[in-house]
Amino acid sequence: MVTLDPQLAKDVQKRRTFAIIAHPDAGKTTLTEKLLLFGGAIQMAGAVKGRKAARHATSDWMQVEQQRGISVTSSVMQFEYEGHVINLLDTPGHEDFSEDTYRVLTAVDAAVMVIDAAKGVEAQTIKLLEVCRLRNTPIITFINKMDREVRDPIDLLSEIEEILKLECVPITWPIGMGKTFRGVFSLKENHLVRFTPGEDRLSGKQELIEGLDNPRLDELFPMEMGYVRESIELVQGVTNPFSLEKFLAGEQSPVFFGSGVNNFGVKDVLEALVQWAPSPRSRDGGVRVVEPTEKPFTGFVFKIQANMDPKHRDRIAFFRVCSGRYTPGMKVRHLREDREMKIPNALTFMANDRISMTDAVAGDIIGIYNHGQLHIGDTLTEGEKLGFTGIPYFAPELFRAARPKDPFKAKQLHKGLKELGEEGAIQVFENDMGHLFLGAVGFLQFEIVAQRLATEYKVDAIYENTDVSTARWLSFPDEDTQKRFIDEQAARLAKDADGNLVYLATSIYNLQTTQKHWPDVQFHTTREKNQTF
Ligand code: G4P
């Protein structure tokens, strides 16, 4: 099945698709902007002042985000760098939207992990890394904010190794920190690109000093060089050399130090992405593995975004191409609905601009306008029956029952919640009586859903506490057990947006008791899209 189209292979080889993962405030947005700047995707001064305003203009779509100053929705940006086409998938940093982030991570081939050098490994970093590990995603580490009073670099490396169980190999090493941060010495190139605060690092006019023993370094940084050489010797004595193979297997991470806000160390990260991060790899298509260079077009939807632009009431499915080539107007097979579908006008995203996509290959993300036909996890092909796996859903731990203030608006509420559920904004469960339960991972999800229902669907709803405390997807050994279980437990059962049966437990104790009574029934805490129980 491998293609005979050398141009396709060449184009795939040029792609790099990655996401930035970080605990909120570590500097993900700043790094995103700087990467875009290097890629020439946006023209913007690197100044901190006014950055927030600029940020909202570039990558935040929703009003809620602007009010809260958090990035709720994920955006996708494409730019070129050194002959490569880079797809950067932004992820919401706030942990309440972690489900969305997990799904985005299924669509990337590598990740850049940003660590705040003053804080080290934080809670959200740990969670995100666990998700990357599910797919052995290669990780590049960027230790940010070296221009502040931060922790010792060696401490930071050992913390990453210990907590994240990820072998670290420093590729650059900081000289000084805080006010005396002088730059990063490249251990890979064995040189220093001199850093002067306020200097324009895009101009390429910095001084280059070759060799760690170069006396010019002592002349410039008499106070720092002793400690720098000592630390480098120490760290090199205890770390393995960089291994591309281990990095690609997700076992070893190249580490870069820098200061995103000052544009420092950012270029090294971009270069590592181009040189080391993998081009699109093969994907599990359910019935077989799909190679990115195969000619037939395939891919899957990992995110749905409705009403991104209040002026256009549209729905966009973010689709990761896994093989073949997209051409405008092409016809594809929508496998879940088992019918043909045309993609007349796919989009790519350039910060806030949507641009018509004329060509896309494996690794690229295209936005497909639709009216609800596409759901998260849907596979599109040129006819072959595939189902890309790996899109995760997690059993929510927070629940609300929803009913409309105005009983005549029950239909709108239903429609709104169904659509928001398909979009993945929240999980929606419906029982036999037609009662709707909302399940979330974080409280902010309820707030966003309430606001969106009010503004987009014109429904004011009442959200009440319920007796549900956790949910489990069910699978049965045989039809008889399934029937008996459903008869006996009807009051505690509901269906999710895709029609899967779910047990809504009142407490962990209730769950355990039921599990004890039904040892043959399996209760699942996660579900993968295209996984049927
Ligand atoms: P996030 O997306 O990961 O949440 O982080 P974001 O980039 O928004 O950065 C969080 C804060 O850290 C911002 O400050 C940002 O300016 C600052 N920051 C990012 N990189 C660096 C760095 O290399 N050095 C220093 N010193 N600060 C950095 P803020 O006060 O929250 O916002 P703003 O008013 O500066 O925009």
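Visitor: Where is the place of Glu82?
Guide: This is a predicted model, in which local features need pLDDT of at least 70, side-chain atom pairs count only at pLDDT 80 or more, and totals for chains, interfaces and linings use all residues. Residues are numbered from 1 along each chain as its sequence is written, and side-chain values use heavy atoms, with hydrogens and water left out. Helices (H or I, at least four residues) and strands (E, at least two) are DSSP runs numbered from the N terminus. Glu82 has a positive phi near 45° although it is not a glycine, and its place is in the loop between strand 2 and strand 3.

Visitor: Which residue of strand 3 is the bridge partner of Thr17?
Guide: Strand 1 (residues 15–22) and strand 3 (residues 84–89) run parallel and are joined by five bridges. The partner of Thr17 in strand 3 is Asn87.

Visitor: Which residue in strand 8 stands opposite Ile175?
Guide: An open sheet of four strands has the order 7-8-9-10 and antiparallel pairing. Strand 7 pairs with strand 8 (residues 183–186) over four bridges. Opposite Ile175 stands Gly183.

Visitor: Which residue in the hairpin of strand 17 and strand 18 takes a positive phi?
Guide: Strand 17 (residues 330–334) and strand 18 (residues 339–343) run antiparallel and are joined by five bridges; Lys331 has Lys342 as its bridge partner. The hairpin has four residues between the strands. A positive phi, near 50°, is taken by Asp338.

Visitor: How are helix 12 and helix 13 set to each other, oblique or perpendicular?
Guide: Axes are lines fitted to C-alpha atoms, for helices over the stretch in contact, and angles run from 0 to 180 degrees between N-to-C directions. The axes of helix 12 (residues 410–423) and helix 13 (residues 443–456) come within 10 Å and cross at roughly 130°. Angles under 35 degrees count as roughly parallel, over 145 as roughly antiparallel, 65 to 115 as roughly perpendicular and the rest as oblique. Helix 12 and helix 13 are therefore oblique.

Visitor: Which residues of helix 13 make the contact with helix 12?
Guide: Contact means heavy atoms within 4.5 Å. Helix 12 brings Leu413, Gly416, Leu417, Leu420 and Glu423. From helix 13 come Val449, Arg452 and Leu453.

Visitor: What is the angle between the planes of Phe485 and Trp518?
Guide: Rings of Phe, Tyr and Trp (its six-membered ring) pair if their centres lie within 6.5 Å; planes under 30 degrees apart count as stacked, over 60 as edge-to-face and the rest as tilted. Phe485 lies in helix 14 (residues 479–489) and Trp518 in the loop between helix 15 (508–517) and strand 32 (522–524), 33 residues apart. Their pair is edge-to-face, with 5.0 Å centre to centre and an angle between the planes of 80°.

Conventions
Two strands pair if DSSP finds at least two bridges between them.
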